[in-house]
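Subject: Structure for your files

Hello,

Here is the structure I promised to pass on. My notes on it follow below.

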Amino acid sequence: MPQIVNIAIDRLFPHADNPRKDLGDLSELAASIKASGILQNLTVVPDEPDKPDTPESPDFTIIIGHRRYAAAKIAGLTELPCVVVEMSEREQLQTMLVENMQRSDLTVYEQAQGFQMMLNMGDSVAEIAEKSGFS
């Protein structure tokens with residue numbers, strides 16, 4: 001089972017293809033994080049090997065936890081609890097899409113973009129329906 005590690009916030013970067021484009025109002029979440037800290041870890045993947053970084057301090061891309069990350073920056077945190085996982089690009093997109101679709105505040109357009117990304121990655125409509133819970 002993966003372990004939770006604290007990673008410097010300046011080594012964490014939002015995923016460029018996160019289906020949630022609008023993070024919404026983060027003021028309440030930032031206030032909560034400032035008062036209580038991060039109560040649920042982020043899920044991250046190590047950045048691509050061709051990106052320059054130092055071996056002792058690699059950069060990471062956020063898969064789950066974009067809102068917590070943004071609110072933690074506002075709250076002034078310097079490191080965040082993360083689980084580091086290995087995922088293919090396809091698995092990353094699927095995970096972000098399913099994670100966000102389980103909440104009801106993704107717009108129809110954001111859902112459609114996410115489904116299109118999954119189709120572009122080779123998933124069938126049936127596979128997308130099974131993974132997302134949408135018919």
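Arg-11 is partly exposed, at a relative accessible area of 21%. Please keep in mind that this is a predicted model. The partner of Arg-11 in a salt bridge is Asp-59, with 2.9 Å between the closest N and O atoms. The two sit in distant parts of the chain, 48 residues apart: Arg-11 in the loop between β1 and β2, Asp-59 in the loop between β3 and β4. Asp-59 is buried because its relative accessibility is 12%, and the cut-off for buried is under 20%.

The search of the whole structure gave three salt bridges. Asp-123 pairs with Arg-90 at 2.1 Å, N to O. Asp-123 is in the loop between α4 and α5 and Arg-90 is in helix α3, so this bridge ties together parts 33 residues apart in sequence. Asp-123 is buried at 4%, while Arg-90 is partly exposed at 30%. Arg-90 also forms a salt bridge with Glu-127, where the closest N and O atoms are 4.0 Å apart. Through shared partners, Arg-90, Asp-123 and Glu-127 make up one network. Glu-127 is partly exposed, with a relative accessible area of 33%.

Thr-43, in strand β3, is buried at 14% relative accessible area. Leaving out residues up to four places away in sequence, its contacts include Ile-62, Ile-64 and Val-83. Helix α2, residues 66-75, has seven of its 10 residues buried, among them His-66, Arg-68 and Tyr-69.

Regards

Methods:
Residues numbered from 1 in each chain as written. Predicted model: local features only at pLDDT ≥ 70, side-chain atom pairs only at ≥ 80, totals over all residues. Heavy atoms only, no water. Buried < 20%, exposed > 50% of the residue type's maximum accessible area, 1.4 Å probe, protein only. Helix = DSSP H or I, 4+ residues; strand = E, 2+ residues; numbered from the N terminus. Contact = heavy atoms within 4.5 Å. Salt bridge = Lys/Arg side-chain N within 4 Å of Asp/Glu carboxyl O.
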